[in-house]
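Open the model in your viewer and keep the selection tool at hand. The tour begins with one residue and then widens to the chain.

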Amino acid sequence: MYPQSTLTPSKALKGVHGVHLAPQSPFVLEEINQNGNINQPTCQNSALESSQRLIVRKNLNCKLYASSLIGVGIASSMYHASRGKLRRYLRWADYTMIATSTVFLSRALRNENPKLLMAASALILPVQPLMVSALHTGMMEVVFAKRALEDPELRTAHNVHKMSSVLGGALFIADDVFPDTPFLHAAWHLAAAVGVGTCNKLL
């Protein structure tokens, strides 16, 4: 009834942006969103894969932090059980392991930490473990404070953490100044344990 030529898609519309001629009919037009919505499933898959990779990295960093806490316990036990000249070196090992755990905690909380900062921390750590501990503990405190402002459920843990941190710092200095004072070091360990326990609320 109709000439064959009328069933052939018009060449005049070919190449026009936003118009796609379906091959089965010259009268069916399909509009393609200029923003690229036709690729939406691909974008969603990419976002999902990125999210999964982020979760894997976070889980790995959390595992490294948990393992470092075990290392802190081992190093601390060896230090407290030691005597003589060896005690001095094991004290350094104890401080170094504590600094390592703060680096892993900082990494677990903030995946976007600058690589240069992490590399510098790794290089300085054996020489200045207390400096590295102070730096990454400070970074953790900032993250904790920000999240506590956003999440009311974290505020109690953050308040306990602040008190234990201040008390722990004071006891640490006092233990260094008065090393022979009974139970001073043990009190510092208790304050530190409370501080570490409240940090786990962030992970």
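Select Arg91 and show its surroundings: leaving out residues up to four places away in sequence, Arg91 touches Tyr79 and Asp176. The model is a predicted one. In sequence, Arg91 and Tyr79 are 12 residues apart, and their C-alpha atoms are 5.7 Å apart in space.

Now colour the helix that holds Arg91: helix α2, residues 86-109.

Next, select Tyr65, Leu105, Leu109, Met140, Val143, Phe144, Ala148, Leu154, Ala157, Cys199 and Leu202. These 11 residues form the largest nonpolar core. Helices α2 and α4 (129-150) each supply at least two of the core residues. The largest share, 4 residues, comes from α4.

Beyond its neighbours within four places in sequence, Ala148 is in contact with Leu154, Arg155 and His158.

The cartoon should be read against 6 helices and 2 strands, in the order β-β-α-α-α-α-α-α along the sequence. Of the 203 residues in the chain, 27% are buried. Switch to a surface view: the accessible surface comes to about 14,100 Å², and 65% of this surface belongs to carbon and sulfur atoms.

Terms used:
Residues numbered from 1 in each chain as written. Predicted model: local features only at pLDDT ≥ 70, side-chain atom pairs only at ≥ 80, totals over all residues. Heavy atoms only, no water. Contact = heavy atoms within 4.5 Å. Core = buried A, V, L, I, M, F, W, Y, C linked by side-chain atoms within 4.5 Å. Buried < 20%, exposed > 50% of the residue type's maximum accessible area, 1.4 Å probe, protein only. Areas by Shrake-Rupley, 256 points an atom, 1.4 Å probe, with all protein chains shown as cover.
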